[in-house]
Amino acid sequence: MLPLLRSMSDEVAKAQSAQIGGDTIFGKIIRKEIPANVIFEDDTCMAFHDVAPQAPVHFLVIPKKHIESLNKAEDADAPIMGHLLNVARKCADEQKLEEGYRVVINNGKHGAQSVYHLHIHVLGGRQLSWPPG
């Protein structure tokens with residue numbers, strides 16, 4: 001059985017009040033100031049399990065470079081962006097998500113982005129519903 005899941009309305013509420021700019025929880029994880037269940041790390045990015053999973057497998061992939069959100073990424077960030085997706089694929093394989101998974105990037109307030117440091121959610125381990133929102 002899954003742990004108690006946060007409701008989407010809670011996540012949307014967080015997004016409505018999220019502050020743009022400044023340090024984030026992900027910056028603290030990158031600097032090892034707070035712990036995370038890390039499943040992958042290299043010079044460019046980290047992947048770690050979400051602390052409030054929305055599926056049996058739910059991990060995040062984040063760039064070590066601070067990129068506020070998808071719409072703030074620049075053309076020069078293209079190698080990082082591709083690397084993030086490649087790492088998401090490799091970690092999904094390691095997490096045994098052979099039956100499939102969903103890759104999500106929340107962008108901005110209406111996209112329910114609650115932490116302003118670009119991050120990719122990878123969710124799997126069960127049949128996901130559609131439409132998602």
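1. Basis of the note. The model is predicted, so that local features need pLDDT of at least 70 and side-chain atom pairs count only at pLDDT 80 or more, while totals for chains, interfaces and linings use all residues. Residues are numbered from 1 along each chain as its sequence is written, and side-chain values use heavy atoms, with hydrogens and water left out.

2. Overall fold. The protein has three helices and five strands, arranged along the sequence in the pattern α-α-β-β-β-α-β-β. Helices (H or I, at least four residues) and strands (E, at least two) are DSSP runs, numbered from the N terminus. Of contacts between residues at least 6 apart in sequence, 58% join residues at least 24 apart; contact here means heavy atoms within 4.5 Å.

3. Burial and surface. Buried residues account for 38% of the 133 residues. The term buried means under 20% relative accessible area, exposed means over 50%, and partly exposed lies in between (1.4 Å probe, protein chains only). The accessible surface comes to about 7900 Å², and 55% of that surface belongs to carbon and sulfur atoms. Accessible areas come from the Shrake-Rupley method with a 1.4 Å probe; for residues, only the protein chains shown count as cover.

4. Length of helix α3. Just after α3, K96 adopts a positive phi of about 65°.

5. The buried side of α3. The buried residues of this helix are I80, M81, L84, V87, A88, C91 and A92. They lie on the same side of α3, because they cover an arc of only 135° around the axis, where the arc is that of the directions from the helix axis to the C-beta atoms. An α-helix has 3.6 residues a turn, so residues three or four places apart point the same way. The buried residues of α3 pack against β1 (38–41), β2 (45–49), β3 (57–63), β4 (101–104) and β5 (120–124).

6. Strand β3. V61 is found in strand β3 and counts as buried because its relative accessibility is 0%. Leaving aside residues up to four places away in sequence, V61 touches C45, M46, A47, L84, V87, A88, H119 and I120. The C-alpha atoms of V61 and F48 are separated by 6.8 Å, the two residues being 13 residues apart along the chain. H58 also has its place in strand β3, and its 3% relative accessibility makes H58 buried. Between H58 and G124, which are 66 residues apart along the chain, the C-alpha separation is 6.6 Å.

7. A nonpolar surface patch. L85, Y101 and V103 form a nonpolar patch on the surface, with about 250 Å² of accessible area together. Patches are made of residues with over 30% relative accessible area and no salt bridge; like charges are joined within 9 Å and nonpolar side chains (Val, Leu, Ile, Met, Phe, Trp, Tyr) within 5 Å. V103 belongs to strand β4 and, at 39% relative accessibility, counts as partly exposed.

8. Salt bridges across the chain. How many salt bridges does a search of the whole structure find? The search finds six; a salt bridge is a side-chain nitrogen of Lys or Arg within 4 Å of a carboxyl oxygen of Asp or Glu. One of them joins the side chains of E41 and K64 (2.8 Å, N to O). This pair links distant parts of the chain, with E41 in strand β1 and K64 in the loop between β3 and α3, 23 residues apart. E41 is partly exposed at 36% relative accessibility, as is K64 with a relative accessible area of 26%.

9. Further salt bridges. R89 forms a salt bridge with D93, their closest N and O atoms being 3.8 Å apart. Both residues, R89 and D93, lie in helix α3, four residues apart, about one turn of the helix. R89 is partly exposed at 38% relative accessibility, and D93 is partly exposed with a relative accessible area of 48%. Elsewhere, the side chains of R31 and D23 meet in a salt bridge (2.6 Å, N to O). R31 is partly exposed, with a relative accessible area of 42%. A network of salt bridges links D23, R31 and E33.
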